[in-house]
Amino acid sequence: MIICPTFTEAVRSNAMSISVDEVKKIAHLARLGLDEQEAQGYADSLSQILGLIEQMNAVDTTGVSPMAHPLDMHLRLREDAPTESDQREKFQKVAPSTEAGLYLVPRVIE
Amino acid sequence: MYRKTVAELASALATKAVSSTELTQLYLDRISAHQELNAFITVDADNALAAAKVADTRLAKGDAGALTGVPMAHKDIFCTDGVLTTCGSRMLSEFVSPYNATVVEKLHDAGMVMLGKTNMDEFAMGSSNETSFFGPVKNPWDTTLVPGGSSGGSAAAVAARLTPMATGTDTGGSIRQPAALCGITGLKPSYGRVSRFGMIAFASSLDQAGPMTQTAEDAALLLNAMAGFDSRDSTSAQEEVPDFSSQLGHDIKGLKIGLPKEFFGEGLSADVDKAIQAALDEYKKLGAEVVEVSLPNSSLAIPCYYVLAPAEASSNLSRYDGVRYGYRASEYTDLVEMYERTRAEGFGAEVKRRIMIGTYALSAGYYDAYYLKAQQLRRLIAEDFKRAFEQCDVIMGPTAPSTAFALGDKSEDPVAMYLNDIYTISVNLAGLPGMSVPAGFDGNGRPIGLQLIGQYFDEARLLQLAHQYQQVTDWHQQLPEEVA
């Protein structure tokens with residue numbers, strides 16, 4: 001069994017590296033603001049985590065069908081009938097900014 | 001009175017030995033006397049006392065169920081109508097939910113009294129409760145130690161008897177690992193057994209709610225109230241729900257316990273190993289048979305999980321955009337900057353790490369190497385269990401590789417933290433039910449958990465095995481000195 005100290009070191013020694021620029025690109029895709037110093041920190045920790053993930057390559061999975069869900073279930077269908085009542089006011093009470101039943105965001109069309 | 005189990009409290013209420021109002025006040029007082037544990041994010045004394053009054057009326061009228069009037073606490077991941085629901089995050093630090101989770105509704109309908117909401121790792125991402133925006137929870141056995149996570153507040157609260165039971169959720173070990181580290185009983189049911197509706201999503205193909213209690217008997221009572229099909233959860237299992245208490249008293253003669261040899265190798269602390277062997281000896285005395293089984297792909301469960309769970313999380317957490325609910329940054333010039341600042345300020349470091357790992361794994365060019373590969377491994381891991389269960393009725397082993405560690409010890413080292421869940425994660429990947437029960441203490445007096453893993457929807461078997469063990473041991477009755 002590969003575990004704790006040895007496992008961790010093995011992971012570190014063959015750590016895949018991920019660059020600061022890649023981190024910035026991923027952060028933008030995920031809409032996460034990062035400053036320069038944070039980007040460096042995440043480059044280090046994400047590289048370590050990717051190193052851990054690379055352990056997956058130890059097993060040949062050719063021909064194995066991917067498992068998306070533990071019960072291999074299909075989504076249920078239901079009657080096309082209303083199940084919810086209108087609770088707009090209640091739900092909008094927790095929104096940061098609303099007006100006339102609409103959610104307000106910064107102007108997107110000039 | 002505070003040392004009593006849910007079952008004992010229910011019978012004290014039924015015989016009018018105590019009222020729900022008295023019990024509720026007793027636990028509220030204990031919560032306020034042990035604030036240093038930081039186990040609660042919200043204590044809802046007014047509503048609790050009002051609910052206790054309603055319960056007392058029902059009890060007086062003879063209109064009470066098995067759990068009416070018994071106090072409890074919810075992990076702060078469950079939406080509670082009109083009550084702060086933070087998920088341990090700044091993002092939801094002022095979010096008052098406009099609706100109830102199904103689990104909340106069910107336990108409320110059963111007449112239970114909610115004392116408050118327990119602390120947790122942010123969005124349930126963590127194994128030490130140190131990622132909470134509301135600060136770490138302390139382990140009642142030694143306040144310099146972590147309680148485990150992510151349901152650390154629930155585990156600490158039950159261990160210190162600040163509540164007779166609490167709910168938890170388990171995506172990779174978040175019920176079982178803190179239960180082990182705090183010396184309580186924790187059950188993660190089969191995937192789909194308990195509704196996920198209103199349970200704030202982390203990784204939707206893995207998340208499952210369950211009870212955290214003092215005993216297996218209590219876990220059975222609580223699962224009876226929590227389980228069942230729910231049309232509002234698209235992956236809710238359409239399985240018959242048995243009476244989980246009915247099998248508790250059956251003897252376990254002839255049952256086969258499978259020991260995965262991979263769970264007893266390098267990395268397992270000697271004290272934990274010894275306690276697990278001693279627990280197995282008890283099971284043999286009770287008439288069970290022990291056989292060796294193999295889960296050859298179990299060492300890949302952590303790498304596999306750290307692709308799948310972050311991938312699902314990156315998608316689930318995209319909903320926090322500062323538009324419809326939750327935190328919004330105060331300064332921005334346009335919409336994209338509003339999203340980026342809101343999410344930068346609203347999420348903590350571990351949540352951001354996992355969102356980024358997930359985004360990376362799902363991005364064009366990497367999907368096959370990471371996400372697809374992980375899904376294939378998930379199949380292999382699930383098939384390992386299937387083969388093992390051809391040889392045994394239940395699988396047992398340690399819940400965690402070591403006992404509780406010091407606060408701050410691993411918080412700067414994500415990979416070391418992830419390895420805490422080495423024995424629990426594969427159970428979530430397969431979707432099986434798993435349980436942790438107290439099985440002794442290490443040389444420093446820190447609790448050790450025995451893990452039981454069952455076949456799909458066979459929670460009754462796990463509960464029976466745990467209950468029978470608790471009839472011949474008293475680990476589950478021991479209490480930290482500080483709070484006794």
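I call a residue buried when its relative accessible area is under 20%, and exposed when that value is over 50%. The model I am looking at is predicted.

**Helix α3 of chain B**

I looked up the buried residues of α3(B) first. They are B:A48, B:A52, B:A55 and B:L59. Viewed down the helix axis, the buried residues sit within an arc of 65°, so they line one face of α3(B).

I then turned to the face pointing away from that buried side. There I found the exposed residues B:D46, B:K53, B:V54, B:A60 and B:K61.

What covers the buried residues of α3(B)? In chain B, the cover includes α1 (6-14), α2 (20-33) and β3 (113-118).

Helix α3 (residues 45-61) of chain B has 17 residues, and at 1.5 Å a residue it should span 24 Å. Its end C-alpha atoms are 24 Å apart, which agrees.

After α3(B) comes B:G62. I note that its phi is positive, near 75°.

**Domains of chain B**

Next I took the domain assignment. It gives domain 1 (6-255 + 459-483) and domain 2 (299-377) of chain B. To their contact, domain 1 of chain B brings 19 residues and domain 2 of chain B brings 20 residues. I put their C-alpha centres 28 Å apart.

I looked up the buried area between these two domains of chain B. It is about 1,700 Å², with 64% from carbon and sulfur atoms. Which three residues supply 40% of the area that domain 1 of chain B buries against domain 2 of chain B? They are B:R90, B:M91 and B:M125, more than any other three residues.

Last, I searched for salt bridges across this interface of domain 1 and domain 2 of chain B; the rule finds zero.

Conventions: Residues numbered from 1 in each chain as written. Chains lettered and ligands numbered in written order. Predicted model: local features only at pLDDT ≥ 70, side-chain atom pairs only at ≥ 80, totals over all residues. Heavy atoms only, no water. Helix = DSSP H or I, 4+ residues; strand = E, 2+ residues; numbered from the N terminus. Expected span 1.5 Å × (residues − 1). Buried < 20%, exposed > 50% of the residue type's maximum accessible area, 1.4 Å probe, protein only. Arc of directions from axis to C-beta. Contact = heavy atoms within 4.5 Å. Domains from an automatic or database assignment. Buried area = accessible area lost by both parts, 1.4 Å probe. Salt bridge = Lys/Arg side-chain N within 4 Å of Asp/Glu carboxyl O.
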